[in-house]
Structure formats: C-alpha cells, structure tokens
Amino acid sequence: MPYIRQIIEDGHPTLRKVAKKVRLEELDDPLFQQFIDDMFETMYAAPGIGLAAPQVNVGKRVFVVDLDDDDDAHGPFVVINPKFTVTEGEVESIEGCLSVPGKIGDLKRYERVVCTGIDRSGKKVEHEGTGLFGRCLQHEMDHLDGILYVDKAQNIRPAVTEAEKAALAQVEVQPEAVESEAETLSA
Ligand code: ZN
C-alpha cells in the first residue's frame, strides 16, 4: 500500500542538492516502485499537480504529474531521469510550491518544452508541454537541480485574497484563479 510521505520545506538541505540519476537496475527494486506509488499518494494528498522526489527528501531524478488544464489531461505519469530536448519562447508564470507553503511569486518560464525520460518500466517517454503543463514540467525539473521557484521569482508574497488561497490549494505551480483575478483587477 502506498503511503503519504512528508513534504520537506525550503531550508531543508535536500531541496538544494542536485538529485542523482536513477540507475536502470533500480527500476527492478520493489522499494523503488513503492516509492513512485508513494509520490503519487503524497501529491494527491497535498494536493498538488506535480511533485518531485527531493520534496520528499529523496535525492533522485524522479517527478510525478497529474493535471487537467484547459486543453487536455496530462497524467498521471512519472518521469525518471528527465531532460528537456526543446525549450522555446517565454511566458509569465505565477507559481506556488508545496515546499514553500503559503506563498506565490511571479517569474518567467519557457513557453514550450519537450521533456524526455523513462517511465517506471524503463520505457522511453516524451511529454510536450505548453501553458500550465509546460510550466509544471519546468517547475518539477528545477526541483531536481536544487532550484526553487523563489530563486527566480519576483514579488514573492503571501497568498492573501481568496483567489490566491484557492490557487495555492493547487500548488506546485499555478494559479489559474490568481491570473483571472489579476485580469479582473486590471480591467
Ligand atoms: Zn515545487
């Protein structure tokens, strides 16, 4: 049975380390497979749309994603040893992070990325992302390199309004609700 792992927060050294590549033999280890199940369980419990292994204090290059955006459903899936083969364009992002509770910030991300890696059975996978999904992939990839969004963000602030708090309920990245409120405010 999968269980919910503790999500560590900014200040914990594991979040600042470059995570290690997973060796192919590890995929045969039932404990590693269990770990992936635990990551999904932990992401759903948080709740979040993505979770990277360092956030549960495991320094391996693994992240899970499960999100619906305007265009499509992405996931649930796990990517092991991910790499971006394409990064292009630039978009503004408003993000939160399960490891930086209660806060959001503004930053720039690539508009489109293509992420390759392997799944839990060792099969090659490729995920192309734009919009929220693309930003989520970048946010999770940063975790594997010891980077938190707050390192890149401006105007890091507590979530104060109802819309911001609602958005935080969906962290790891995002804030549809914040964005639509921003539109409202500027209208
Ligand atoms: Zn995060």
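## Cysteines

C97 is buried, with a relative accessible area of 1%, and C136 is buried at 0%. Buried here means under 20% relative accessible area, exposed means over 50%, and partly exposed lies in between, with a 1.4 Å probe and protein chains only. The number of disulfides is zero, a disulfide being a pair of cysteine sulfur atoms within 2.5 Å.

This is a predicted model, in which local features need pLDDT of at least 70 and side-chain atom pairs count only at pLDDT 80 or more, while totals for chains, interfaces and linings use all residues. Residues are numbered from 1 along each chain as its sequence is written, and side-chain values use heavy atoms, with hydrogens and water left out.

## The sheet of β4, β5 and β8

Three strands form an open, antiparallel sheet in the order β4-β5-β8. Its edge strands are β4 (91-97) and β8 (154-158), each of which pairs on one side only. From one strand to the next, the twist averages 20 degrees. Helices (H or I, at least four residues) and strands (E, at least two) are DSSP runs, numbered from the N terminus; two strands pair if DSSP finds at least two bridges between them.

Strand β5 covers residues 100-109 and is joined to β4 by six bridges. I94 has D106 in β5 as its bridge partner. Helix α2 (residues 131-144) lies across β4 and β5, at about 55 degrees to β4. For such angles, axes are lines fitted to C-alpha atoms, for helices over the stretch in contact (heavy atoms within 4.5 Å), and angles run from 0 to 180 degrees between N-to-C directions.

β2 and β3 form a hairpin with four residues between them. Strand β2 (residues 62-68) runs antiparallel to β3, and six bridges join the two. V64 is paired with V78 in β3.

β3 is also joined to β6 by six bridges, again antiparallel. E88 stands opposite R112 in β6.

## The largest pocket

The largest pocket holds about 180 Å³ of space. A pocket is an open set of points on a 1 Å grid over the protein atoms alone, where a 1.4 Å probe fits, with protein on both sides within 12 Å along at least five of seven lines; lining residues have an atom within 4 Å of a point. Grid points are joined across faces, edges and corners, and the volume is the space filled by probe spheres set on them.

The lining includes K21, R61, I80, N81, P82, K83 and K124. β3 (73-88) and β6 (112-118) are the elements that give two or more residues to this lining. The largest share, four residues, comes from β3.
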